[in-house]
Amino acid sequence: MKASAVEEIPLARPSIGAAEEEAVLEVLRSGHLSLGPRVPEFETRFAARVRAPHASAVSSGTAGLHLALRAVGVSEGDEVVTSPFSFVASANVILYERARPVFVDIDPVTLTLDPGAAAAAVTERTTALLPVHIFGWPTQMEPLEALGLPIVEDACEALGARYHDGRLVGSRGHPAVFAFYPNKQMTTGEGGIVTVGEAPVKQRIDSERNQGRAPNMDWLDHDRLGFNYRLSDIACALGIAQLERLDELLGARARAAVRYREALAGIEEIELPCPDGGGAARGWFVFTVLLPRGVDRDATIRALRERGIASKPYLPAIHLMSFYRERFGHRPGEFPVCEDAAARSLALPFFPGLSEGQVARVAAALAAILGQG
Ligand SMILES: Cc1ncc(COP(=O)(O)O)c(C=O)c1O
């Protein structure tokens, strides 16, 4: 007898509709595919959306973090205090400037930078702090701001989040970097944006993303070192169309998160993402659980895959990656909270179109695999 086909549930799936298709086609028909009008339009709309004075569109979140670090003055030999529990890009960009990432441990509940540990790591060589709003949870900013150092916020996973004072992430005036890879809250295919508080900072980022060209200069005249970190008009048109639907996209993710919370509530010793509270709200990006201690995560992932359900470890600790170990001599045990989260974290399927039935299927499968079905 032929087994009936099991519907595959992917980890992520972007929501692209007719409006996005039309917006991209319009740019293609216009012939103005880059350095055109969609770039400033996208920037203005995005800045307004997160209540930031300015925004600069760039080719990726990584590019945005790199330019933001340069804009706050990080250079060779400097130290930047940051989280080891992040996507590797937030540490790599520090190395691009020949500065040193100084990792400190995270808070066990929010999984964001522990402010006390950050304060203790500051030396006379520290020129910036790079908190990561991991899994869309806003880092508590006030204790970091009290240290009086420039801050670059990695908000690549945190579109739609609110800080503890209720303001929108990206509106604080520090450069804050968002990313638009297809698994993110909204997508431009590849892409990113930096929100900033001051016009000169935007001007510097705009120049450096375009080979160091000043805004009013002639073509091929460059007054500083720059990069090609531009975002095309095709991508910006897609971004504008996604922004139009952002409330719908964020709402669908938040509803999926509520369903997961209910469906997984009965599984003992599993840890769910911390709930909103104290004014802070998550911008839902991934739904990541911490498996009970002692559970074989790889076996769990395999068992889920056999049931047609995608999942993955998310995230590994940066300081324990082979490149960082070899370069800086990091060893297990340095950041126990991060290492514990990295060893147990599992991202489950999560995207706007995830149905109630799919959430129920994932939860039932996980419960059965953990022997609690
Ligand atoms: C926390 C974090 N930082 C940085 C990045 C880098 O963004 P991008 O992949 O657009 O370069 C990502 C995206 O995956 C991220 O999740």
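Me: Which residue in E6 stands opposite glutamate 153?
Reply: Strands of a sheet pair through backbone hydrogen bonds, either parallel or antiparallel. In this predicted model, glutamate 153 faces alanine 176 of E6. The strands involved are E5 and E6, the latter covering residues 176-179. Two bridges hold them in the parallel sense.

Me: In what order do the four strands of the open sheet come?
Reply: Read across the sheet: E1-E7-E6-E5, with mixed pairing. The edges are E1 (54-58) and E5 (153-154), and each of these pairs on one side only.

Me: Which strands does helix H2 touch as it packs on the sheet?
Reply: H2, residues 38-50, touches E1, E6 and E7 (192-196). Its direction makes about 130° with that of E1. Now look at helix H7, residues 199-208. H7 lies across E1 and E7. It runs at about 10° to E1.

Me: Where does arginine 51 lie, and what is its phi?
Reply: Most residues other than glycine have a negative phi, and most peptide bonds are trans. Find it in the loop between H2 and E1.

Me: Which peptide bond is cis?
Reply: Look at the bond from tyrosine 314 to leucine 315. It is cis, with omega near 10°. Leucine 315 sits in the loop that runs between E9 and helix H11 (322-328).

Me: Which hand does the β-α-β unit have?
Reply: The unit made by E2, helix H4 (residues 89-96) and E3 is right-handed. Its two strands, E2 at residues 79-82 and E3 at residues 100-103, run parallel and are joined by four bridges. For a landmark, take valine 80, which stands opposite proline 101 in E3.

Me: What order do the strands have in the open sheet of three?
Reply: The order is E8-E10-E9, and the pairing is antiparallel. E8 and E9 (312-313) form the edges, each pairing on one side only. E8 meets E10 (residues 345-348) through four antiparallel bridges.

Me: At what angle do the axes of helix H9 and helix H13 cross?
Reply: H9 spans residues 246-264 and H13 spans residues 356-369; their axes cross at roughly 35° and come within 9 Å. The crossing is right-handed.

Me: Which residues in H9 meet H13?
Reply: From H9 come Ala256, Arg259, Tyr260, Ala263 and Leu264. From H13 they meet Glu356, Val359, Val362, Ala363 and Leu366. By class, that contact has eight nonpolar residues, two charged and no polar ones.

Me: How many aromatic pairs does the count give?
Reply: The count comes to 16, taking ring centres within 6.5 Å as the rule. Consider tyrosine 260 and phenylalanine 287: their rings lie 4.7 Å centre to centre, with 25° between the planes. Planes under 30 degrees apart count as stacked, so this pair is stacked.

Technical notes:
Residues numbered from 1 in each chain as written. Predicted model: local features only at pLDDT ≥ 70, side-chain atom pairs only at ≥ 80, totals over all residues. Heavy atoms only, no water. Axes fitted to C-alpha atoms, helices over the stretch in contact; angles between N-to-C directions. Left-handed = near helix turned anticlockwise from the far one by under 90°. Contact = heavy atoms within 4.5 Å. Nonpolar A, V, L, I, M, F, W, Y, C, P; charged D, E, K, R; others polar. Pairing = 2+ DSSP bridges. Right-handed = clockwise from strand over helix to strand, strands pointing away. Phe/Tyr/Trp six-rings, centres within 6.5 Å; stacked < 30°, edge-to-face > 60°.
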